[in-house]
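Morning, everyone. Please have the model up on your screens. I'll take you through it one site after another.

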Amino acid sequence: MRKIQMVDLQGQFEGIKEQVNASFDSVLESAAFINGPEVKEFQKELENYLGAKHVIPCANGTDALQICMMGLGLKPGDEVITADFTFAATVEVIALLGLTPVLVDVDEETFNIDIAALEKAITPKTKAIVPVHLFGQCANMERILDVAERNNLFIIEDNAQAIGANYTFKNGQKKKAGNIGHVAATSFFPSKNLGCYGDGGAIFTNDDELAHVIRGMVNHGMYERYHHDVVGVNSRLDSLQAAVLRAKLPKLDEYNAKRRSSAKKYNERLAGQENIILPKTNNGCEGICNSCDCHVFHQYTLRITNGKRDALVKHLNENNVPCGVYYPIPLHRQKAYKDERYDEADFPITNQLVQEVISLPMHTELEDEQIDFITELVLNFLK
Ligand SMILES: *Cc1c(COP(=O)(O)O)cnc(C)c1O
């Protein structure tokens, strides 16, 4: 059995090695390191894949989120609502821009923003909602679109964890994650579902005007060389990273299907245990299956309900099985984002999830034998 890793990037590299090495050689020979042809080609290929009008590559997912908010013209004092249970980058950029982050509780089955809590948090100052498609599954976008429309709010999708996921509306229409709200941000951090070999990110939108504004913003606010019309940033995807992404994008659906099939195996092996809550899918899908494409399992996350989550983490680590706790502290309790407006009673689900969640190894190279080994350890421990 191969050594078990949380994410096996070396194994995945074997399948694309020749293409990546050849592309690297050609980038090195052309010396077009920034905004070279590889970046342009990747941009077009991703627009095609998503069915989105505009993809604007940038340096990382955090920048992508920040630039979305700058592009929409959000101003200090504007309130932006997002989920309490997510990676800090989401709330970090809201605070960095002088906007007011408003954290709300999540839904216990999907770990995504709770719609009732979202509605309750809206004030006359609210300007935008940032749904995070956590662990690879879309937030309840049908309801969020409705709330946004009724309250005249922008939707900025944090799609760092769900690239390639589909969202199914009640009428059967499907849209790709990140192509549903006004604008979306994604990350190509190496461990993400579509990862490069360094930092990378992108913004997607179908709004021509917003796309134009953002294209200048990522490059020092320049729309014409050395004419700086707005305050921008320096956030670009480099050609070497674009070359890696071009090799991986045609395999993204296959990679995500592999993750789904591993999740299905985990669920089968761990079913029927009284102290385990298995991950569920919500958006019109019947559950975890191989043909269903609404969850791309960036993480495979269980809830351990008998209070022994931390002991299980230790047990797995002692047996050389890596695992993760995403996330151990709710954002509303982080030093940087504490605010007296928050009331603990408003965060019952996040407060519970941080004590119960554990993410097991999940990647495109996971073998049945490894899943058997991991699940045996979990079952024996909880017996
Ligand atoms: C990874 C991630 C980001 C940030 O992406 P970087 O490329 O690391 O800056 C933002 N939001 C979420 C939910 C993420 O998982």
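Let's start with the largest cavity. Its lining is made up of Val7, Asp8, Leu9, Gln12, Pro190, Ser191, Lys192, Asn193, Lys248, Arg259, His363 and Thr364. Sort that lining by class and you get three nonpolar, five polar and four charged residues. The space inside comes to about 70 Å³. How many cavities of 30 Å³ or more are there in the whole structure? The search finds two. Bear in mind that this is a predicted model.

The largest pocket has a volume of about 540 Å³. As for class, 14 lining residues are nonpolar, 12 are polar and four are charged.

Now, what takes up the space of the largest pocket? The ligand does. Around the ligand sit 13 residues. Gly61, Thr62, Gln161, Ser187 and Lys192 come nearest.

Look at the shell by class. Four of its residues are nonpolar, seven are polar and two are charged. Helix H4, residues 61–71, supplies at least two residues of this shell, and so does helix H5, residues 89–96.

Let's go through some contacts. Threonine 62 has a side-chain N or O atom 2.5 Å from an oxygen atom of the ligand. Glycine 61 works through its backbone: a polar atom there is 2.8 Å from a ligand oxygen. Lysine 192 uses its side chain, with a polar atom 2.8 Å from an oxygen of the ligand. How much of the ligand does the protein cover? Taken on its own, the ligand has 380 Å² of accessible area, and the protein covers 91% of that.

First, some background. Most residues other than glycine have a negative phi, and most peptide bonds are trans.

Now go to asparagine 35. Is its phi positive or negative? Positive, at about 55°, although this residue is not a glycine. Asparagine 35 lies in the loop between helix H2, 17–30, and helix H3, 37–50.

The other spot is a peptide bond. From tyrosine 326 to tyrosine 327 the bond is cis, with omega near 10°. Where is tyrosine 327? Find the loop between helix H11, 309–318, and helix H12, 348–356, and you have the place.

Conventions
Residues numbered from 1 in each chain as written. Predicted model: local features only at pLDDT ≥ 70, side-chain atom pairs only at ≥ 80, totals over all residues. Heavy atoms only, no water. Near = heavy atom within 4 Å. Polar contact = N/O pair within 3.5 Å; in protein donor to acceptor, adjacent residues only side chain to side chain. Areas by Shrake-Rupley, 256 points an atom, 1.4 Å probe, with all protein chains shown as cover. 1 Å grid on protein atoms, 1.4 Å probe; cavity = no way out; pocket = protein on both sides within 12 Å on 5 of 7 lines; lining within 4 Å. Sits in = over half its atoms within 2 Å of the grid points. Helix = DSSP H or I, 4+ residues; strand = E, 2+ residues; numbered from the N terminus. Nonpolar A, V, L, I, M, F, W, Y, C, P; charged D, E, K, R; others polar. Points joined across faces, edges and corners; volume = space filled by probe spheres on them.
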